[in-house]
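Here are some questions on how particular labels are assigned in a structure. Each answer sets a value against its cut-off.

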Amino acid sequence: MNDQARANRPRRPHKPYRRPQKDPVRVLAFEALRAVDERDAYANLVLPPLLKKAREQGGFDARDAALATELVYGTLRRQGTYDAIVAACIDRPLREVDPPVLDVLSLGAHQLLGTRIPTHAAVSASVDLARVVLGDGRAKFVNAVLRRIAQDDLDTWVARVAPPYEADAEDHLAVVHSHPRWIVTALWDALGGGRAGIEDLLEADNERPEVTLVARPGRSTADELLDALGEESALPGRWSPYAVRLTEGGEPGAVEAVAQGRAGVQDEGSQLVALALANAPLEGPDARWLDGCAGPGGKAALLAALAAQRGASLLASEKQPHRARLVARALTGNPGPYQVIAADGTRPPWLPGVFDRVLVDVPCSGLGALRRRPEARWRRRPEDLEGFAPLQRSLLREALSAVRVGGVVGYATCSPHLAETRVVVDDVLRGRGGPPVAAEWVDARPLMPGVPALGEGPDVQLWPHLHGTDAMYLALLRRTA
């Protein structure tokens, strides 16, 4: 073609530059994920203030908040699976992808594979987000990767990227159910049994947990909470007489009893632990109770209410002053005598042998609450358990020292890991790492009436897939000398 012909050829009109649409929902979700990654923040602490700010700025309604919440939590829960899929769609190691780019890709993957958002809308919205927060150059990379992901559904991708179960069971489950391999192994060891049970547990960790309320005895009732919320928004608890479970339409802040502190938000597993300690058989006086690791105050508030009904007093101790203030706030208005102090339970200010009932809900890995804090599964390392172990043993020893002969200690932890549960109790009772303790097991199972599948005892392990609770552990011990 000569120059004249080329000059006379009709030209295609230039495609106009389309300014990226700043979607406040996806920008907010991206900001939450960056805070989790950069500051080791927890989504349940980061997300509420972001949502509040968006509402105050206007144009951000309840549906927007629900979508943003689903994008954040859904992405965090399925991060391991999405990482494996993204890795299969790029030509470099995943570690070489900038974290902000990976966050946008994970958000896009969740919209494509984990929601009902139409494919074109998921890709378009994710690319627009990339252009806003990353720039045009990296948005092209995001577009290319998400278009590859969009070619198949989640089941097809998982079948492609997960190793066969028969070749490597733990690695298969880790990819399919989005848990680090070491956590799969630890949970499987604690649970026992075959493939079905561990798959049910891992899948339960990826489900959105119910919000559960507790009616504090003598101050409110479950019936009052149910009446305030209405039958379309709430259901009775499964196991605790003080529990009310919220459906998707329920809003805790709208309940007067919650606003007044006569009720609170508390997982039913935590309620069962407090109730079991309070109802453990006891000979002699029952006047002085201790919560030795009381922060942030949920169990302490329930124990204080139960103690008040019997004319007993509660001492709630928490090492961190800011958490002690949360405990004090939770106990405000309790009719019975109580005291909140900031003290170290391993070097307690109280005299030995003065309490009738003692609870120590010890610091732990939090592997029992992965439904609520999904990012914890990616943040924790096996060596973290070694750091908790001395503290857990010391707190249990001091609790057994604090209780009188014949009194009862409850050792609780929100982890099913054997190294944080039965191993700790066995070590303390046998004198490993310290002097032996004169104490005997109390069978905790009868103290959770109606709750099935509590195991062989005498301790109790609750499970999300069996009980609908966090994976709380409880051992009850009676001091004998």
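Q: What makes the charged end of Arg160 count as sitting over the ring of Trp157?
A: In this predicted model, the charged end of Arg160 is 4.4 Å from the centre of the Trp157 ring. The distance cut-off is 6 Å, and the charge must also be within 35 degrees of the ring normal. Arg160 is therefore listed as sitting over the ring of Trp157.

Q: Over which ring does the charged end of Arg288 sit?
A: That of Phe355, at 5.2 Å from the ring centre.

Q: Why is the pair of Trp350 and Phe355 called edge-to-face?
A: The ring centres of Trp350 and Phe355 are 6.1 Å apart, and the limit for a pair is 6.5 Å. Their planes stand at 85 degrees, and over 60 counts as edge-to-face. Trp350 and Phe355 are both buried.

Q: Why is the pair of Tyr411 and Tyr473 edge-to-face?
A: For Tyr411 and Tyr473 the centres are 6.4 Å apart and the planes are at 75 degrees. The cut-offs are within 6.5 Å and over 60 degrees, so the pair is edge-to-face. Tyr411 belongs to strand β9 (residues 403–413) and Tyr473 to strand β12 (residues 473–479), so the pair ties together parts 62 residues apart in sequence. The count of aromatic pairs comes to two.

Q: How do you know whether Tyr411 and Tyr473 are buried or exposed?
A: Buried means under 20% relative accessible area. Tyr411 has 0% relative accessibility and Tyr473 has 3%, so both count as buried.

Q: Why is Asp267 called buried?
A: Its relative accessibility is 9%, and the cut-off is under 20%, so Asp267 counts as buried. Asp267 is in the loop between β4 (263–265) and α15 (268–279).

Q: Which residues have pLDDT under 50?
A: Residues 13–17. Where pLDDT is low, the predicted coordinates should not be read in detail. The mean pLDDT of the protein is 94.

Terms used:
Residues numbered from 1 in each chain as written. Predicted model: local features only at pLDDT ≥ 70, side-chain atom pairs only at ≥ 80, totals over all residues. Heavy atoms only, no water. pLDDT = per-residue confidence, 0-100. Contact = heavy atoms within 4.5 Å. Helix = DSSP H or I, 4+ residues; strand = E, 2+ residues; numbered from the N terminus. Buried < 20%, exposed > 50% of the residue type's maximum accessible area, 1.4 Å probe, protein only. Phe/Tyr/Trp six-rings, centres within 6.5 Å; stacked < 30°, edge-to-face > 60°.
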